[in-house]
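Me: I would like to go through this model with you, one topic at a time. Please keep the answers plain.

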Amino acid sequence: MAEPALSIRGLTKVYGNGFHALKGIDLDVAEGDFFALLGPNGAGKSTTLGVVSSLVQKTGGSVSVFGIDIDRDFAKAKYHLGVVPQEFNFNQFEKVEDIVLTQAGYYGMPMREAKPRAEQLLRDLGLWDKRKGSARMLSGGMKRRLMIARALIHRPRLLILDEPTAGVDIELRRSMWEFMKRINREGTTIILTTHYLEEAESLCRNIAIINHGDIVQNTSVRDLLAQLNTETFLLDLARPVETAPELEGFSVERVDATQLALSVERGQRLNDAFEQFSAQGFEIVSMRNRANRLEEMFVSMVEHANAESGRSTDKVEVRS
Amino acid sequence: MNAWQTWIALWTLVTKEVRRYMRIWPQTLLPPSITMTMYFIIFGNLIGSRIGPMDDIDYIDYIVPGLIMMAVITNSYSNVASSFFSNKFQRSVEEMMVSPMPNWVILAGFVVGGASRGLAVGLIVTVVSMFFTDLSIHHPWVTIGVVIMTALLFSIGGFINALVAHKFDDISIVPIFVLTPLTYLGGVFYSIHMLPAFWQGVSMVNPILYMVNAFRYGILGVSDIPVGGALVAIAVFIVVFFAVGLWMLDRGKGIRS
């Protein structure tokens with residue numbers, strides 16, 4: 001059986017101020033997977049990825065990359081890793097091309113091999129025309145793409161993307177998704193952290209949710225969504241209403257004069273609700289999910305975990 | 001990494017460092033040459049002609065080695081301190097940390113890059129000095145050996161300073177409060193034989209005195225201290241400082257949380 005791309009066992013991290021960022025997490029990511037690591041701010045996502053990429057020193061536990069224990073041969077493991085961090089971490093005064101080629105040099109790639117590879121990546125990511133310019137002149141989205149090009153220069157088998165589309169506009173985000181899907185199809189295993197749950201739902205096959213340093217869920221996106229018991233739909237009405245109608249078997253709330261919120265339990269048929277709306281004279285012109293499905297699941301899961309551990313149920317930050 | 005890959009990584013880091021200070025040459029290469037020209041004009045020509053010979057050598061000739069060494073020391077140190085701290089500040093140090101490049105290559109890359117700036121500035125100052133005096137070198141190998149070793153030593157010092165620094169102020173404290181006083185009191189402008197016995201003794205604990213005098217011996221053939229001992233002392237300091245810098249890097253001091 002093939003070694004997992006990433007295997008984490010009992011990983012703990014206690015920072016100097018005594019904060020327990022990771023409390024013994026176990027995680028496996030199979031080769032070829034597109035894996036999402038989700039969690040609220042401060043949950044331990046970046047710490048986990050920081051340990052894997054050597055930016056954070058672990059307190060305990062073990063980490064293997066394609067079967068290579070980082071405590072035994074981190075240098076060898078690093079050849080398989082490409083890292084795109086959350087924050088811009090390149091010299092803003094350097095030329096775009098130099099940033100990518102310098103990174104190739106750090107991996108011991110000869111220039112004759114690095115130059116065509118850099119050209120291919122910069123073209124694929126729409127940065128070729130900017131290659132001679134200073135990195136500080138790039139837009140935020142371009143800087144993110146530059147970090148992706150830099151992370152891929154040595155052809156890593158495992159790419160770690162820590163919120164790669166944060167602050168990127170929708171059009172650009174979707175083009176980055178297409179790029180990520182393509183390299184995943186070509187064989188690169190991808191681990192992604194994101195606050196955009198729509199991103200995780202549409203890109204990833206498997207998912208782990210981390211909260212307060214513990215993994216609270218680790219399953220496939222499909223299985224996770226199957227656990228969703230209730231979905232809420234927002235219905236836009238053709239004419240304003242004073243009160244919400246009463247529907248047999250369904251819960252309906254009035255959001256405002258022209259909008260209702262309809263809760264549908266698993267197993268219920270939307271047709272039944274629409275028949276009752278029609279019978280009562282309500283004309284519905286459009287409908288959409290109140291939140292992304294995964295987002296609903298994520299929020300309920302994290303809040304449930306918080307309640308169980310006796311913590312305050314802080315508002316969970318999500319963006320969609 | 002195999003030997004060839006390690007060489008590529010080291011070469012990449014060194015050329016990146018050289019490219020950095022060459023790109024901002026009006027900040028890195030030009031100011032020391034202007035400052036040293038002022039020293040030559042004021043201390044060498046204007047005041048020096050009234051001071052008379054020092055150890056039977058014209059005063060301007062006497063101060064040339066010290067001024068070259070002063071430029072080498074301050075530029076080697078400040079190049080690595082500011083460059084590595086900027087890498088920490090901008091987090092571009094992470095580019096190196098996530099790569100398989102061994103820590104000794106990171107340290108050596110910055111040190112060689114910094115030393116190259118120190119030596120480049122030293123060369124510029126030497127050329128400037130030729131406008132004021134005829135320079136002849138008595139012991140070329142000693143001269144070259146001392147200046148290279150000194151540049152390496154202070155580059156390592158700058159690296160350690162940058163590792164422990166938390167803010168930009170922290171990388172200017174050592175040059176201002178330690179290096180500059182020690183350099184001025186290290187016999188750049190005078191022979192320690194001019195001092196009372198007590199202050200001669202105090203001067204002997206100043207490591208920069210040994211470097212300046214060893215370099216002066218290489219150029220002028222005169223020194224206040226035994227040159228062989230000075231060379232050994234500098235070599236020992238290089239080994240010790242390199243080991244300390246590497247130990248700190250291995251433990252992630254100042255760069256890993």
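Me: How many residues does the contact take from chain B and from chain A?
Reply: The contact takes 22 residues from chain B and 25 residues from chain A; two residues are in contact if their C-beta atoms, placed from the backbone, lie within 7 Å. This is a predicted model, in which local features need pLDDT of at least 70, side-chain atom pairs count only at pLDDT 80 or more, and totals for chains, interfaces and linings use all residues. Residues are numbered from 1 along each chain as its sequence is written, while chains are lettered from A and ligands numbered from 1 in the order in which they are written.

Me: Which helices supply at least two residues of the side of chain B that touches chain A?
Reply: α1 (3-23) and α5 (93-97) of chain B each do. The largest share, 6 residues, comes from α1(B). Helices (H or I, at least four residues) and strands (E, at least two) are DSSP runs, numbered from the N terminus.

Me: And what is that side of chain B made of, by class?
Reply: The side of chain B that touches chain A has 9 nonpolar, 8 polar and 5 charged residues. Here Ala, Val, Leu, Ile, Met, Phe, Trp, Tyr, Cys and Pro count as nonpolar, Asp, Glu, Lys and Arg as charged, and the others, Gly among them, as polar.

Me: Let us turn to A:Lys78. Is A:Lys78 buried or exposed?
Reply: A:Lys78 is buried, because 26 other C-beta atoms lie within 10 Å. A residue is buried if 20 or more other C-beta atoms lie within 10 Å of its own, exposed if 12 or fewer, and partly exposed in between, with C-beta atoms placed from the backbone. A:Lys78 is found in helix α2 (residues 70-79) of chain A.

Me: What is A:Lys78 in contact with, leaving aside its neighbours within four places in sequence?
Reply: A:Lys78 is in contact with A:Ser54 and, in chain B, with B:Val98, B:Ser99 and B:Pro100. Its C-alpha atom is separated by 8.6 Å from that of A:Pro156, 78 residues apart along the chain.

Me: Changing topic, how is chain A divided?
Reply: Chain A has domain 1 (6-218) and domain 2 (228-320), with bounds that come from an automatic or database domain assignment. The centres of the two domains, taken over C-alpha atoms, are separated by 36 Å. Chain A contains 10 helices and 14 strands, and its C-alpha trace spans about 75 × 45 × 40 Å along its principal axes. Of its 320 residues, 40% count as buried.

Me: What does α5(A) pack against?
Reply: The buried residues of α5(A) pack against β6 (81-84), α3 (96-106), α4 (111-124) and β7 (158-162) of chain A. Among these buried residues are A:Arg144, A:Arg145 and A:Arg150. As for length, the 13 residues of helix α5 (residues 140-152) of chain A should span 18 Å at 1.5 Å a residue, and the end C-alpha atoms are 19 Å apart, which agrees. The expected span of a helix is 1.5 Å times one less than its number of residues.

Me: Now the nonpolar core. Which residues touch the most other members of the largest one?
Reply: A:Ile160, B:Leu67, B:Phe159 and B:Met211 do, in a core of 150 residues. A nonpolar core is a set of buried Ala, Val, Leu, Ile, Met, Phe, Trp, Tyr and Cys residues joined through C-beta atoms within 7 Å. Helix α4 (residues 59-89) of chain B gives the most to this core, with 17 residues. Apart from this core lies another, of 5 residues, including A:Leu235 and A:Ala273.

Me: What does B:Phe159 touch, not counting residues up to four places away in sequence?
Reply: B:Phe159 touches B:Val80, B:Phe84, B:Leu107, B:Phe110, B:Val111 and B:Gly245.

Me: Why is α7(B) largely enclosed by the rest of the structure?
Reply: α7(B) is largely enclosed because 19 of its 25 residues are buried. Helix α7 (residues 140-164) of chain B reaches 37 Å from its first C-alpha to its last, close to the 36 Å expected.

Me: One last topic: where does A:Phe66 lie?
Reply: A:Phe66 lies in the loop between β4 (60-65) and β5 (68-69) of chain A. A:Phe66 has a positive phi of about 50° although it is not a glycine, and A:Phe66 is partly exposed, with 19 other C-beta atoms within 10 Å.
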